[in-house]
Amino acid sequence: MSSLDFLPFICKACSGVFCLEHRSRDSHACPVVDVEKEVHVSGGSTSYPCTFEDCKGKELLPVICPHCKKHFCLAHRHQDDHKCEKLETTKPRMAATQELVQKIVESKKALPPSKGRKGAKNAATAAKVALMKLKLHAAGDKGLPQTERTYFNVLLPKEGKDASLPMFFCTKWSVGKVVDYAASLASLKNNNNILTAKKLRLCHPQTGEALRMDDTLLSLLAHPESPLYNGGNVILEYLDNDCSGLEDTSAYI
């Protein structure tokens, strides 16, 4: 904003606040496509041309990408089809990490190799069966009420004598307390109080990302996009201080 005005101007398209000099959409390079300018009227009928490269396609009704706000024909309506500038692509490093996590899970025989999607109903049934099995053998504080218990199949570091162990924890505990308790149950060296030592961290069972130590199990389980669920897997691993997850792909090859 190059000057101050007593009455600021709000762009109706992008909702930005501008001064008198930059109140027009052209002067502030408004990122929102002007629908009215793109509408073509021919022979009494209205059409909306596709903005993808050299495409000549038109639609009788507007087809606007909710991400970049531009018009497209039906053939180019998806982000991948029109090379959307707002498209979030998976980073190669993240893809490699996801592959590593899958290798860890399968190597410890915590889950059978994936054979494709079988539907939400089968997945829910499998989760219930896994939870029932964990409850039969899981180690934990027997004094915890059943209503406060959360069961996990904990995939342990390669330094441990076991590949994985079923455990249960209090849903009110922080991730840090879960790590300490799991380490004691699995007889693992825990140097989390030593600044320069490798730290035991609880990691995301799909991406390998280390979970925040101050988050509680209750908050993680309640999150709609959380990878954690009662009866599922978690990965316990030693990470360097500057590591945010399972990034060393050579560790399990």
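Reader: Phenylalanine 168, buried or exposed?

Author: Buried: in this predicted model, phenylalanine 168 has a relative accessibility of 1%.

Reader: And tyrosine 151, buried or exposed?

Author: Tyrosine 151 is buried too, with 4% relative accessible area.

Reader: OK, how many aromatic pairs are there in the whole structure?

Author: A search of the whole structure turns up 5 aromatic pairs. In one of them, the rings of tyrosine 151 and phenylalanine 168 have centres 5.3 Å apart and planes at 45 degrees, so that pair is tilted.

Reader: Why does the tyrosine 151 and phenylalanine 168 pair tie parts of the chain together?

Author: Because tyrosine 151 sits in strand S6 (residues 149-155) and phenylalanine 168 in strand S7 (residues 164-170), the pair ties together parts that are 17 residues apart in sequence.

Reader: What about phenylalanine 169, what does that ring pair with?

Author: Phenylalanine 169 pairs with tyrosine 181, and the geometry is edge-to-face: 6.3 Å from centre to centre, with 80 degrees between the planes. Phenylalanine 169 is in strand S7 and tyrosine 181 in helix H4 (residues 175-185), so to speak a link between distant parts of the chain, 12 residues apart.

Reader: Are those two buried or exposed, or something in between?

Author: Phenylalanine 169 counts as buried at 1% relative accessibility. Tyrosine 181 is partly exposed, at 22%.

Reader: Which residues make up the aromatic cluster?

Author: Phe152, Phe169, Trp173 and Tyr181 form one aromatic cluster.

Reader: Let's stay with H4. Which of the H4 residues are buried?

Author: The buried ones are Val175, Gly176, Val178, Val179, Ala182 and Ala183. They cover an arc of only 160 degrees around the axis, which puts them on the same side of H4.

Reader: And what covers the buried residues of H4?

Author: The cover includes S7, strand S8 (199-203), helix H5 (217-222) and strand S9 (232-239).

Reader: What follows H4?

Author: Serine 187 comes after H4, and its phi is positive, near 55 degrees.

Reader: What's the phi of lysine 69, then?

Author: Lysine 69 has a positive phi of about 65 degrees, although it is not a glycine. Lysine 69 is in the loop between S5 and H2, and is partly exposed, with a relative accessible area of 39%.

Reader: Where is lysine 83, and what's its phi?

Author: Lysine 83 is found in the loop between S5 and H2. Its phi is positive as well, near 50 degrees, in a residue other than glycine. Lysine 83 counts as exposed, at 60% relative accessibility.

Reader: Which side chain does lysine 83 meet in a salt bridge?

Author: Glutamate 53: the two side chains meet in a salt bridge at 3.8 Å, N to O. Lysine 83 lies in the loop between strand S5 (58-59) and helix H2 (92-107), and glutamate 53 in the loop between strand S4 (45-49) and S5, so the pair ties together parts that are 30 residues apart in sequence. Glutamate 53 is exposed, and so is lysine 83.

Reader: How many salt bridges does the count come to?

Author: The count comes to 6 salt bridges.

Reader: What does arginine 212 form a salt bridge with?

Author: One partner is aspartate 214, where the closest N and O atoms are 3.1 Å apart. Arginine 212 also meets aspartate 215 in a salt bridge, at 3.4 Å, N to O. Shared partners join Arg212, Asp214 and Asp215 into one network.

Reader: Switching to the whole chain. How many helices and strands?

Author: The chain has 5 helices and 9 strands. Along the sequence they follow the pattern β-β-α-β-β-β-α-α-β-β-α-β-α-β.

Reader: How much of the chain counts as buried?

Author: Of its 253 residues, 34% count as buried. The chain exposes about 16500 Å², and carbon and sulfur atoms supply 54% of that area.

Reader: Last one: what share of contacts is between residues 24 or more positions apart?

Author: Such residues account for 46% of the contacts in the chain with a separation of 6 or more.

Terms used:
Residues numbered from 1 in each chain as written. Predicted model: local features only at pLDDT ≥ 70, side-chain atom pairs only at ≥ 80, totals over all residues. Heavy atoms only, no water. Helix = DSSP H or I, 4+ residues; strand = E, 2+ residues; numbered from the N terminus. Buried < 20%, exposed > 50% of the residue type's maximum accessible area, 1.4 Å probe, protein only. Contact = heavy atoms within 4.5 Å. Areas by Shrake-Rupley, 256 points an atom, 1.4 Å probe, with all protein chains shown as cover. Salt bridge = Lys/Arg side-chain N within 4 Å of Asp/Glu carboxyl O. Phe/Tyr/Trp six-rings, centres within 6.5 Å; stacked < 30°, edge-to-face > 60°. Arc of directions from axis to C-beta.
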